[in-house]
Each structure stands twice: as C-alpha cells, then as structure tokens.
Amino acid sequence: MTGGEPKGVAEGVPVAVRPEPQAGDGRRVVGFLRISAPGRNARPAAESFCSCGRHETARGQARVLALIDDHTTHRATCPIQTEGRTAA
C-alpha cells in the first residue's frame with residue numbers, strides 16, 4: 001500500500017468513494033433503481049431505493065418487471081420525490 005488507501009484494501013483494487021455534493025449545488029440522491037442484467041442462464045435482479053425509507057429488491061424476470069412498475073408508481077406518489085414539483 002502506498003499510504004492513501006483505506007486499511008484492508010488489496011493492492012491494485014480501486015476504492016469507490018461517493019463524492020460529497022458541491023456546496024450550494026442543492027442536488028442529492030432521493031431514489032434510485034438499479035437493474036442487473038446478468039449473462040446467459042442467470043436471473044436478473046433489481047433494487048429500488050427511496051430516501052423516504054422504501055427499499056425493495058427482486059430476483060427473476062417477472063419480479064424485476066413488477067418492481068420496475070412499482071418503482072415508477074412510487075416516484076409519482078412519494079411525498080419526498082414530488083416535493084417542489086408544480087402541477088402543470
């Protein structure tokens with residue numbers, strides 16, 4: 001190790017560190033949907049997160065598709081994500 005890496009990190013393995021938002025930027029992660037589409041003969045997986053406390057996971061094509069629909073519906077109804085939006 002060359003000094004700057006966290007303890008226990010293998011040599012040559014990069015460390016992912018989420019940068020802090022810039023001061024005055026105002027942006028923050030409110031929710032995300034992560035979908036893993038693995039290679040042949042493997043089950044897809046998905047994870048849906050919202051800062052309101054919702055955290056769901058799914059495995060298998062049918063459940064992942066259902067979670068995608070549920071995540072989209074939640075984005076439209078969650079008070080944290082709709083805060084500040086104005087009606088058209």
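**View 1. Arg34 and Glu47 across two strands.** Arg34 has Glu47 as its bridge partner in strand 2, where strands, like helices, are DSSP runs numbered from the N terminus (strands E, at least two residues; helices H or I, at least four). The model is predicted, with local features needing pLDDT of at least 70 and side-chain atom pairs counting only at pLDDT 80 or more, while totals for chains, interfaces and linings use all residues. Residues are numbered from 1 along each chain as its sequence is written, and side-chain values use heavy atoms, leaving out hydrogens and water. Arg34 also forms a salt bridge with Glu47, their closest N and O atoms lying 2.1 Å apart; the term requires a side-chain nitrogen of Lys or Arg within 4 Å of a carboxyl oxygen of Asp or Glu. Because Arg34 belongs to strand 1 and Glu47 to strand 2, the pair ties together parts that are 13 residues apart in sequence. Arg34 is partly exposed, at a relative accessible area of 46%, whereas Glu47 is buried at 17% (buried is under 20%, exposed over 50%, partly exposed in between, with a 1.4 Å probe and protein chains only).

View 2. Strand 1 is joined to strand 2 in the antiparallel sense by 6 bridges.

**View 3. The hairpin of strand 2 and strand 3.** Strand 2 (residues 45–50) and strand 3 (residues 55–59) run antiparallel and are joined by 5 bridges, and Ala45 has Arg59 as its bridge partner in strand 3. Between the strands of this hairpin there are 4 residues, and Gly53 takes a positive phi near 115 degrees.

View 4. Asp70 and Arg54 meet through their side chains in a salt bridge (2.2 Å, N to O). This pair links distant parts of the chain, with Asp70 in helix 1 and Arg54 in the loop between strand 2 and strand 3, 16 residues apart. Asp70 is partly exposed, with a relative accessible area of 36%, while Arg54 is buried at 12%.

Key: Two strands pair if DSSP finds at least two bridges between them.
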